[in-house]
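Hi,

Here is the structure I promised to pass on. Have a look at it first, and my notes follow below.

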Amino acid sequence: MVLTSALIFSSNGLIVRLLNDATPFQALFYRSLGMSLGLFLAYALIFRSQFKGFVTGIGPVGLFGAFLLGASASGMVFAMFNATVANVVFVSSAIPFFTAALAWLILREKISRLVLVFMAIAFIGISIMVSGGISLGVAFGNMMALASALMYALFVIVIRWNEQTNMTPMVAFAGIWICILVPLFSDGITSIGAWDFALCIFWGSCVAAVGHTLFVMAARNLPGAEVTFIMLLEFVLAPIWVWWAINEVPATTTLVGGTLVIGALIGWTLNSKQKSVSPGSS
């Protein structure tokens with residue numbers, strides 16, 4: 001599920017390239033609006049009379065988790081405004097380490113040394129990918145990216161803390177939080193073209209809704225550090241889709257670093273498969 005989630009989210013960069021004039025705030029707002037409306041409609045159709053109980057079952061902790069997810073996404077926009085994409089991706093690639101530390105401190109989740117090695121290899125790969133675009137003197141943007149990464153790690157901890165509860169409605173409520181927060185920091189979100197509006201609604205109701213839902217479901221069944229580690233596949237695939245669709249050729253460092261990340265993910269997958277096979281099984 002988390003691999004599928006990363007595959008879905010890797011289309012984010014291509015969707016952004018297809019937007020005409022939408023500002024980042026407009027894209028974030030209408031993407032979140034589409035995500036929340038799409039999910040609440042799906043919940044109503046699926047659960048019918050149990051709809052209210054399902055969406056309120058996450059409780060106050062779930063609403064807090066939704067706020068963390070919404071604030072993390074909003075913080076990422078501020079980071080993009082004040083730092084290079086390379087800086088933001090570099091900081092975001094540390095999310096598995098933040099999650100591992102928080103999961104150990106709060107949940108006492110342990111992580112094997114081999115998985116830490118795979119995470120370190122992937123981090124090196126991401127560093128190579130963005131090495132040409134990292135800039136100094138963008139302290140505020142870097143701080144916002146760091147805050148966003150920490151909030152996302154805490155969001156994962158909330159899921160793991162309540163692993164016996166279906167916390168997927170957090171995604172829908174996260175969209176509501178974003179729709180509340182964005183207008184407070186933006187001069188205008190209504191003057192958006194029809195194409196950009198439709199694309200953002202599709203982005204939210206299909207891409208974001210499905211991707212986040214799969215991630216939340218996966219996080220109930222995988223340690224926090226590992227579920228965020230697999231997310232790094234998104235950073236590798238994103239430039240490939242843009243390359244394939246609109247011929248935006250990635251740099252050599254992107255391909256070299258991406259190969260390292262994929263190698264680390266393959267190593268993790270093989271290690272997990274080996275652990276899941278009990279001795280003596282055929």
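What radius of gyration would a compact globule with 282 residues have, and what does the protein have? A compact globule would come near 19 Å, and the protein has 19 Å, which agrees; the radius is taken over C-alpha atoms, and the globule rule is 2.2 Å times the number of residues to the power 0.38.

Before the rest, some ground rules: this is a predicted model, where local features need pLDDT of at least 70 and side-chain atom pairs count only at pLDDT 80 or more, while totals for chains, interfaces and linings use all residues. Residues are numbered from 1 along each chain as its sequence is written, and side-chain values use heavy atoms, with hydrogens and water left out.

The protein has 14 helices and zero strands (DSSP runs numbered from the N terminus: H or I of at least four residues for helices, E of at least two for strands). Helix α3, residues 24-47, reaches 34 Å from its first C-alpha to its last, close to the 34 Å expected (1.5 Å times one less than its number of residues). Just after α3, Arg 48 takes a positive phi of about 50°.

The C-alpha trace spans about 60 × 50 × 35 Å along its principal axes. Of the 282 residues, 49% are buried (under 20% relative accessible area, with a 1.4 Å probe and protein chains only). Among contacts (heavy atoms within 4.5 Å) between residues at least 6 apart in sequence, 89% join residues at least 24 apart.

Enjoy exploring!

Notes. Buried < 20%, exposed > 50% of the residue type's maximum accessible area, 1.4 Å probe, protein only.
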